[in-house]
Amino acid sequence: MRVVFPTHLRSYTGGRAEVESQGATLADVLLDLDRRHPGVRFRVVDEQDRIRPHIKFFVGQELASTLDVPVGASDVLIVAAFSGG
Amino acid sequence: MSAITLFVATRKGLWIYRSHDRAAWQVEGPQHYGCIVHHVVLDPRDRRTILAGVRTGHLGPTVQRSTDGGRTWQESPQPPAFAKGEPRGRAVDHVFWLTPGHASEPGVWYAGTSPQGLFRSSDGGMTWSALNGFNDHPDQKSWVGDDKDGTPDGPKLHSVLVDPRDARHLYLGMSSGGVFESKDRGETWKPLNSGVSIDVLPPLPDGKEYEFGHDPHCVQLHPKNPDRLWQQNHFGIYKLDRDKSERWERVGRAMPEEVGDRGFPIVLDPADPDSAWVFPMDATDVWPRVSPDGRPALFHTKDGGKSWQRQANGLPAEQAWWTVKRQAMCGDGERPVGLYLGTTSGEVWASRNAGESFECIGRHLPHIYSVTSAVEA
């Protein structure tokens, strides 16, 4: 499937906004992304597998609250929340 | 004299200042633009490896490494992290402190994190592992307290000190938690806070002291006399001579009463164990934590804390409401010693005469978190 990265993470993708990935669940996709783009997973998921506070994952149109969400053929959108300053 | 490099870490990136004469400075940057950079340290053993504790407002923490003067950086493939599934559910929020290891252990580094965790690298900062003798100590949760005991942007483990005589002998400071000591390379730890007050807590019965739970802001060990420790604590300036006592002495009592002895940083003169500088903050009323009376000044002792002299030549004389954080003041190894400080208002000030006068060498930077000096290869 296609994974859309926010600007914050494009240093890991060589500047690309979209990359290809695979996996049955969001957790699988993140492991695959980390193999392809080392280090990126830890920037968005902590060592206890919690989604970091200012990061959101959309699978298709649905906001994912855990990493167990099945992905199917849906696109995955990673959003760095509008918070900050 | 040696060329001096200053790593100025800010809330929005890293700037690097270099000078051959401590009078004219060239600035490069930003590196890690837009990222929160907590601490940047050059390895004095190879004078080439630079580590930086970096995160952004959105993304998790990491360590970046450079071996070319900060022009290019490589991210740690295994940054400091608590064990997955550990019972307290801790996760590193940011890497706050970096310390190169002992001279006999090239490649060894220590990292202190928020929340309080201690991590070690044996490969020059590329991969990190938890020092479980500290992180998983059965009393560690009691030492650090709960969320109410941390600093506003997260509790810190800082001031990781390595005894230059013995690689196994370590100290660390925690805000909150106190000062702790290990004599076995971090396997076991004991508190070292006797004599340090926690003014706001109720006194214990029978004159007993709190064993831990203190708030050292910055702890320093003198390189020529490693038995001498200094600390700028939330509640005063302290000194401890390990070869004479196990009890800290509040040498800040000799500070002018109208200034007080609260602050963040403390800097030692590497050539003189009796010489130290502090940068007091206003700790009255609601603890504004800015320069007292809007008049920034360092205070210098040359006699081991028996007396303190105000140093403010060149600094703003009035209406300057900034302060200097615990990692944002440092010295160099030259004579007379150079002093450097970065302000919460984004200015860098330098003295090349041991604090007798200061010049502003950088303006309009973001909030400065750390200033470290180095002599590059």
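Where is the place of B:D293 in chain B? The last of the legends below returns to this residue.

The structure is a predicted model, in which local features need pLDDT of at least 70 and side-chain atom pairs count only at pLDDT 80 or more, while totals for chains, interfaces and linings use all residues. Residues are numbered from 1 along each chain as its sequence is written, and chains are lettered from A and ligands numbered from 1 in the order in which they are written.

**View 1. The contact between chain A and chain B.** In this interface, 17 residues of chain A are in contact with 14 residues of chain B; two residues are in contact if their C-beta atoms, placed from the backbone, lie within 7 Å. Helix α2 (residues 40-44) of chain A contributes the most to the side of chain A that touches chain B, with three residues. Helices (H or I, at least four residues) and strands (E, at least two) are DSSP runs, numbered from the N terminus. That side of chain A comprises six nonpolar, six polar and five charged residues. Here Ala, Val, Leu, Ile, Met, Phe, Trp, Tyr, Cys and Pro count as nonpolar, Asp, Glu, Lys and Arg as charged, and the others, Gly among them, as polar.

**View 2. Helix α1 of chain A and its buried face.** Within helix α1 (residues 26-36) of chain A, the residues A:L26, A:V29, A:L30 and A:L33 are buried. A residue is buried if 20 or more other C-beta atoms lie within 10 Å of its own, exposed if 12 or fewer, and partly exposed in between, with C-beta atoms placed from the backbone. Seen down the axis of α1(A), the buried residues fall within an arc of 100 degrees and so line one face of the helix; the arc is that of the directions from the helix axis to the C-beta atoms. They pack against β1 (2-4), α2, β3 (55-59), β4 (62-64) and β5 (76-80) of chain A.

**View 3. An open sheet of three strands in chain B.** The strand order is β16-β17-β18, with antiparallel pairing; two strands pair if DSSP finds at least two bridges between them. β16 (216-221) and β18 (236-241) of chain B stand at the edges with a single partner strand each, so one side of each has no neighbour in the sheet. Six bridges join β17 (residues 228-233) of chain B to β18(B), and B:N233 has B:G236 as its bridge partner.

**View 4. The enclosed strand β19 of chain B.** Seven of the seven residues of β19 (residues 263-269) of chain B are buried, so the strand is largely enclosed by the rest of the structure. Five bridges join β19(B) to the antiparallel strand β20 (residues 272-280) of chain B, and a hairpin connects β19(B) to β20(B) through two residues. Across this pair, B:I266 stands opposite B:V278.

**View 5. Backbone features of chain B.** Most residues other than glycine have a negative phi, and most peptide bonds are trans. The peptide bond from B:G29 to B:P30 is cis, with omega near 0 degrees, and B:P30 lies in strand β3 (residues 26-31) of chain B. B:D293, which is not a glycine, has a positive phi near 65 degrees. B:D293 is located in the loop between β20 and β21 (298-301) of chain B, where B:D293 is partly exposed, with 14 other C-beta atoms within 10 Å.
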